[in-house]
Amino acid sequence: MNYSNERDYVLGTHEDELERLGLQHRAWREVVLDCWQNAGVTAGSSVLDVGAGPGYATLDLAQIVGPAGKVVAVERSTNFVNAINNAVRTAELSNVEVHELDLMKDDLPGGPYDFSWCRWVLCFVSDPNLLVKKISNALRPGGRAIFHEYGHYTTWEFVPARASHEEFRNHVIATWRESGGEPDTGQQLPRWLSNNGLAVRSIVPRIFCLSPGDYMWQWPAQFIQVHLLRLQELGKIDSGFADKVRSDLAAAEKENASFMLTPLVLEIVAEKR
Ligand SMILES: C[S@@+](CC[C@H](N)C(=O)[O-])C[C@H]1O[C@@H](n2cnc3c(N)ncnc32)[C@H](O)[C@@H]1O
């Protein structure tokens, strides 16, 4: 597998990661549909999908806003932009626009929008406050910015604890920071929103206590499998350590009454003044 031919992004944009993002979206889908509905996304809404990845949320949003509405997806990875365009063609959607751009360097297209949706993106960009400012400028007065960002990544743990998992999690956090991102951006987001003309309407913690049989268990479990390969590719871990993390995950899945706490996500909705 060659991870080095796409632009620099710590999680990568290869095929495994594209599939992982799909499973992640399906695991979170019910939570997200509720979140959008509570924020007011409805038929006819215009929505900017910021850092859309391969477009799993884009497609759901396009179905919700319908032909009278519009979804504009912006994403830097060519692989992911191609995936969105293919999915839009397959679903025969006429209300989606896709733009390949860099959120740090380029202007956001079009607007003003009724809503923006931004999930697990602020935590990867070098200047999240600048992105919040761009999002604010793209919204109409009364428009709403909706975010899902990590608020406390180290809540992610197995019970009983697994030392190899903690070490793996620390590698994830370290490579994330080395690439210029910050996992716990959700904590600073309310301040950036308020500095950029957006009034916070709600902050909801999203954390799950999972058993191996729960579908959502597959979200962190698949992240471990895919990201072990990525950390090896980046030269951060060796195959012996990767095997130990995999066998501890398999043991946790077999152990009676074991469970997992997920990394805390903050669901934040703010309104343009
Ligand atoms: C963890 S993925 C989340 C994707 C999508 N929001 C979702 O929830 O499935 C982060 C996304 O942000 C994109 N991204 C990171 N930095 C970016 C930048 N500077 N400009 C545009 N997109 C960026 C990545 O390419 C990736 O698709």
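This is a predicted model: local features need pLDDT of at least 70, side-chain atom pairs count only at pLDDT 80 or more; totals for chains, interfaces and linings use all residues.

Student: Where is Pro-160 placed?

Tutor: Helices (H or I, at least four residues) and strands (E, at least two) are DSSP runs, numbered from the N terminus. In those terms, Pro-160 sits in the loop between β6 (157–159) and α5. A cis peptide bond joins Val-159 and Pro-160, with omega about 0 degrees. Another cis peptide bond links Gly-111 to Pro-112, again with omega about 0 degrees, and Pro-112 belongs to the loop between β3 (96–100) and β4 (113–119).

Student: How is the packing of two helices described, and at what angle do α5 and α8 cross?

Tutor: Two packed helices are described by the angle between their axes and the distance between the axes. Axes are lines fitted to C-alpha atoms, for helices over the stretch in contact, and angles run from 0 to 180 degrees between N-to-C directions. Here the axes of α5 (residues 163–178) and α8 (residues 239–254) come within 9 Å and cross at roughly 125 degrees. Angles under 35 degrees count as roughly parallel, over 145 as roughly antiparallel, 65 to 115 as roughly perpendicular and the rest as oblique. The pair α5 and α8 is therefore oblique. Their crossing is left-handed, a term used if the near helix is turned anticlockwise from the far one by less than a right angle (right-handed if clockwise).

Student: Which residues of α5 and α8 meet?

Tutor: Two residues are in contact if their C-beta atoms, placed from the backbone, lie within 7 Å. On the α5 side these are Ser-164, His-165 and Phe-168, and on the α8 side Lys-244, Val-245 and Asp-248. This contact divides into 2 nonpolar, 2 polar and 2 charged residues. For these classes, Ala, Val, Leu, Ile, Met, Phe, Trp, Tyr, Cys and Pro count as nonpolar, Asp, Glu, Lys and Arg as charged, and the others, Gly among them, as polar.

Student: Is Val-245 buried or exposed?

Tutor: A residue is buried if 20 or more other C-beta atoms lie within 10 Å of its own, exposed if 12 or fewer, and partly exposed in between, with C-beta atoms placed from the backbone. Val-245 has 22 C-beta neighbours inside 10 Å, so Val-245 counts as buried. Apart from neighbours within four places in sequence, Val-245 contacts Ser-164, His-165, Phe-168, Ile-224 and Leu-228. Val-245 and His-165 are 80 residues apart in sequence, yet their C-alpha atoms are 6.2 Å apart in space.

Student: How do α1 and α7 compare with the classes of angle?

Tutor: The axes of α1 and α7 (residues 218–233) come within 9 Å and cross at roughly 165 degrees. These two helices are therefore roughly antiparallel, and α1 passes α7 in a left-handed crossing. From α1, the contact includes Asp-16, Glu-17 and Arg-20, and from α7 it includes Gln-218, Trp-219 and Gln-222. By class, the contact has 6 nonpolar, 3 polar and 3 charged residues.

Student: Why is α2 described as largely enclosed?

Tutor: The description holds because 7 of the 10 residues of α2 are buried. They are Tyr-56, Ala-57, Thr-58, Leu-59, Leu-61, Ala-62 and Val-65. Their cover includes α1, β1 (46–50), β2 (70–75), α3, β3 and β4. Just after α2, Gly-66 takes a positive phi of about 65 degrees.

Student: Which residues other than glycine have a positive phi, and where do they lie?

Tutor: Glu-92 is one of them, with phi near 50 degrees, and is found in the loop between α3 (78–90) and β3. With 6 other C-beta atoms within 10 Å, Glu-92 is exposed. Trp-120 also has a positive phi, of about 50 degrees, and lies in the loop between β4 and α4 (128–138). Trp-120 is partly exposed, with 18 other C-beta atoms within 10 Å.

Methods
Residues are numbered from 1 along each chain as its sequence is written.
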